[in-house]
Amino acid sequence: MEGKTQKEIVIDADGLILGRLASYAAKLALQGNRIKIINAEKALISGNKRSIINEWLAHLEIKSKIHPKHTPIHYRRPDKILKRVIRGMLPRKKPKGRESLKRIKIYIGIPKELENVKPINLEGAKAKRPKVFYLSLGELAKELGWKYG
């Protein structure tokens with residue numbers, strides 16, 4: 001993107017709703033910004049914890065009977081799950097969508113190079129209800145088989 005100025009935007013996913021965070025990140029990436037999301041495992045999914053886990057476990061069972069090589073890829077790491085959610089909000093079959101997805105980097109925890117950078121505040125994506133109504137992405141990943149949770 002030659003004509004647009006690229007800003008580097010750091011977003012802290014701690015306490016943010018997964019879908020709202022993903023839509024903000026997708027929109028900012030489509031505008032030509034470089035997005036770095038830290039603390040991916042602390043993003044929240046709203047709803048009943050048991051039903052969310054059961055839904056994702058059912059999703060893991062989707063396979064191809066004809067040829068196992070054509071089975072969809074099911075990620076278990078929180079950063080990969082978040083990247084997949086963002087990918088669903090981008091026009092990934094068009095060049096602008098592919099380029100936007102390349103501009104997004106997602107980290108588990110805070111890397112050393114981003115420790116001193118102040119993340120932007122996404123008020124619209126904050127969780128407003130008590131923690132009882134949410135499941136963190138790290139907890140979901142642990143239930144799905146992530147070894148390092």
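How many residues does α2 have, and how far does α2 reach from its first C-alpha to its last? Helix α2 has 12 residues and reaches 17 Å between those atoms, close to the 16 Å expected at 1.5 Å a residue. The expected span is 1.5 Å times one less than the number of residues in the helix.

The model is a predicted one: local features need pLDDT of at least 70 and side-chain atom pairs count only at pLDDT 80 or more, whereas totals for chains, interfaces and linings use all residues. Residues are numbered from 1 along each chain as its sequence is written, and side-chain values use heavy atoms, with hydrogens and water left out. Helices (H or I, at least four residues) and strands (E, at least two) are DSSP runs, numbered from the N terminus.

| Helix | Residues | Reach, first to last C-alpha | Expected reach |
|---|---|---|---|
| α1 | 13 residues | 18 Å | 18 Å |
| α2 | 12 residues | 17 Å | 16 Å |

Ile 52, Ile 53 and Leu 60 are the buried residues of α2; buried means under 20% relative accessible area, exposed over 50% and partly exposed in between (1.4 Å probe, protein chains only). Seen down the axis of α2, these buried residues fall within an arc of 95°, so they line one face of the helix. The arc is that of the directions from the helix axis to the C-beta atoms. Their cover includes β3 (44–46), β5 (134–136) and α5. Ala 58 also lies in α2, and at 44% relative accessibility Ala 58 counts as partly exposed.

In α1, the buried residues are Leu 18, Leu 21, Ala 22, Ala 25, Ala 26, Leu 28 and Ala 29. Seen down the axis of α1, they fall within an arc of 165°, so they too line one face of their helix. Just after α1, Gly 32 takes a positive phi of about 100°.

**Strands and core**

Strands β1 (residues 8–12) and β2 (residues 34–38) run parallel and are joined by five bridges; strands pair if DSSP finds at least two bridges between them. Val 10 stands opposite Lys 36 in β2.

The largest nonpolar core has 32 residues, and Ile 11, Leu 21 and Ile 35 are among those with the most contacts inside it. Such a core is a set of buried Ala, Val, Leu, Ile, Met, Phe, Trp, Tyr and Cys residues joined through side-chain atoms within 4.5 Å. With seven residues, α1 gives the most to this core.

Notes
Contact = heavy atoms within 4.5 Å.
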